[in-house]
Amino acid sequence: MAGDGDPMDGQVLLLAAAKASVSPQRLPDLVDLAQAHLTDRLTEYLRTYEVAFDEDDRVGFFVEADHWGDLGQRLGFTEQETDALRRVHGAQLRRIGTDTDRHEEFEAALDIREAVVIGR
C-alpha cells in the first residue's frame, strides 16, 4: 500500500523529492515509515526537544544536527533516503515558518539544527 506522506504538505513532498535522490513515488512511503517510528515517540520528543510549532494535526521540533543521520541508520535507511527525509522535514518546517511569519527565526535555527515533524 502506497503511503500518503502525512503530515507533510503535498507541495513540500514534491519539492523535496525534486532535490533529493529519491523518487517522488518513494518519498511518501519513506515519510510514512519514519512517522510510524516517530509517532510512537511523540511524548519523548515533547520532553526532550524544543517545540518549533504545535498544530492540531502535527508538531515540529528543532533537534540536534545529524539527528536524521542517526535515526536513518537506526531505521535501516540508505544515505539518500535519510537525506530525503531530512530535506522534507526541513522544508515542511520552513513552509510553516513562512505561513506563520516566523521564516527568519526558523531559517536561523536550521543553520545549526535539524527539523522533525511528527503527525498526530
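A helix here is a DSSP run of H or I covering at least four residues, and helices are numbered from the N terminus. I'm working from a predicted model.

**Entry 1: H37**

I went looking for H37 and found it in helix 2, which spans residues 27-39. Is H37 buried or exposed? Its relative accessible area comes out at 13%, and the cut-off for buried is under 20%, so I'm noting H37 as buried. Next I checked what H37 touches. Leaving out residues up to four places away in sequence, I get L71, R74 and L75.

**Entry 2: helix 2 against helix 4**

Those contacts sent me to helix 4, residues 67-75. How far apart are the axes of helix 2 and helix 4? I have them 11 Å apart, with the helices packing at an angle of about 100 degrees. Angles of 65 to 115 degrees count as roughly perpendicular, so that is how helix 2 and helix 4 sit relative to each other.

Then I listed who meets whom. From helix 2 come A34, H37 and L38; on the helix 4 side they meet W68, L71, R74 and L75. I sorted the residues of this contact by type and got 5 nonpolar, 1 polar and 1 charged.

**Entry 3: the strands**

I moved on to strand 1 (residues 50-54) and strand 2 (residues 58-64). In which sense do they pair? They run antiparallel, and I have 4 bridges for the pair. I looked up D54 too: its bridge partner in strand 2 is V59.

Note on methods
Residues numbered from 1 in each chain as written. Predicted model: local features only at pLDDT ≥ 70, side-chain atom pairs only at ≥ 80, totals over all residues. Heavy atoms only, no water. Pairing = 2+ DSSP bridges. Helix = DSSP H or I, 4+ residues; strand = E, 2+ residues; numbered from the N terminus. Buried < 20%, exposed > 50% of the residue type's maximum accessible area, 1.4 Å probe, protein only. Contact = heavy atoms within 4.5 Å. Axes fitted to C-alpha atoms, helices over the stretch in contact; angles between N-to-C directions. Parallel < 35°, antiparallel > 145°, perpendicular 65-115°, else oblique. Nonpolar A, V, L, I, M, F, W, Y, C, P; charged D, E, K, R; others polar.
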